[in-house]
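Student: Please show me the sequence and the structure, and then let us discuss them in turn.

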Amino acid sequence: MTQKISAKNISKTYFLPKKRTVATLKEIDLSIEEGEFLVILGGSGSGKSTLLNIISGMVTPSCGEICMDGNIVTGPHPSRSLLFQEPSLLPWLTVEENIAFGCRLRGDTKDIDERVNRYINMIKLTGYENYLPSELSVGMSQRVCLARALMGNPEVLLMDEPFGSLDSFTRMGLQEELLQIWKKRKFTVIFVTHDLDEAITIGSRVVLLGGSPAEIKHRIPIDLTHPRNPMQQDFQKIKAGIMDRFMTMMKENGTTLQTPGSNP
Amino acid sequence: MNIIEKYFKKHSNYGDIHQDKKRQYGLGITGILLFICAWAAGGYAVFSKPEFKHFSGFLPGPTLESLLGLSTSLDFWHAVAASLRRVFIGILVAFSIGFPFGILIGFYKNIRILTYPPIQLLRMVSPLSWMPIALLIFASFEGAIYFLITMATVWPIMINTTLGVSRVNPRWLMMAKNQGARDSQLIWMVIIPASVPYILTSLRLALGVAWIVLVPAEFLGISSGLGYLINDARDTMEYDRLMAIIIAIGIIGFILDSLIQLIRKYLDWIWPN
């Protein structure tokens, strides 16, 4: 296994008006293997989205650097494709045009119709090619976003709670679809979530963020075979272990609530 | 139907729209009839006095009769064509200046800060106060009117376009940047299409302002257009014709506005709020 992405000593402090600051991340060191499915787990406001945005190049860290294949990341790049919690489809484009959007931006239009069709089949939206985003459900929209991200042949897929606003049935379906695609395409995934079950269901490794500013508290490999069932004993054991660690982290902080900006 | 059902119906894209449409048209026509009644009542109260006898042309009866006459008169349609041409050319010039500037002002923060004071200052000036300057700059009245309408409409177009740019969903910009968009692609492929509803609103406002400024601008001394017709009717003391032209101006303005609203309805399907 080769190292795909590495975060070295990443810290991020946001500056607010009236000289107030929010220290979000502190000295994050993280190495992600090629083909890994890494899950970043943490509560709301724990800085996990910030970390993902820094890896994508969208946000500059206050300190430290991100490397991909040994090169320092200086800005966003289609090889690290981002997926957001809310669908980010352009409402004036049809499903087809939305999927092709990134490729058209980059002038990569060879066999584009055929490729778009292949992805529409893959996300099971055949027949919806000419629908507008306002005519789709959230789950369908999120699948279109996934197809658009995959069209660029990303080496790394960065997912920011992509299934967070879906009902549990749609979510299970999409987790399964994502796993299938990941196994077939063998790209690297960094997946942010606050859902324990989701993390254990899809991740090959879970990183626990905690504290304020957030640090990596634990790195937990998940060696279960797919498909994983939340009712399995092994699954339950891992879940109990992670929950224990969360409880300990909260006690260390002296509070069960994590409010961003509470630190000086 | 209880109030919650009504709310859902109003905010849903589906549902029985035709029933509502019928009711709306019925109410709208009743509104017009009420307006004519109020006009007649007010008119009779004033013009029944003997000293105002000459002004009885302002009453609904003679006015509407004259309006029918106008609709078959070629001179009237020539005047409408001249006025519409002025409005459209004026707005076209204003749009070709206001739109690109609006986009740039919305996109680049420094340009926004730089241009804020002069724009706010200039837009507070009544467009008609440029009239003497317009007459100095332009040899023809026609040119002066274009200039006045442009001065009146460039600000609402510019300001609304800027507003549209600032309201673009930041996620779309992040997504496009992540997909590898350059600044120019962000503007052309995300920001401009995303601001289409605002651009339409800006055109609607511009049309309203232009239509209002047009008539006094045509008082300048030009010998065509609806403003000129009003002046002409006053000079010849044909008050029924005068009033009919005023009503016609209202009707044409209403139709123009409705056309833009119609486009807007179609776009609302694509750009839901």
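**Strand pairing and the chain interface**

Tutor: In this predicted model, strand S3 of chain A pairs with strand S9 (residues 205-210) of chain A in the parallel sense over four bridges; strands are DSSP runs (E, at least two residues) numbered from the N terminus, and two strands pair if DSSP finds at least two bridges between them. Residues are numbered from 1 along each chain as its sequence is written, and chains are lettered from A in the order in which they are written. As the model is predicted, local features need pLDDT of at least 70, side-chain atom pairs count only at pLDDT 80 or more, and totals for chains, interfaces and linings use all residues, while side-chain values use heavy atoms, without hydrogens and water.

Student: Which residue of S9(A) stands opposite A:Val39?

Tutor: A:Val39 lies on one side of S3(A), together with A:Phe37 and A:Leu41. Its opposite number in S9(A) is A:Val206.

Student: How many residues of chain B are in contact with chain A?

Tutor: Contact means heavy atoms within 4.5 Å. Chain A contributes 25 residues, and the residues of chain B in contact with them number 19.

Technical notes. Buried means under 20% relative accessible area, exposed over 50%, partly exposed in between (1.4 Å probe, protein chains only).
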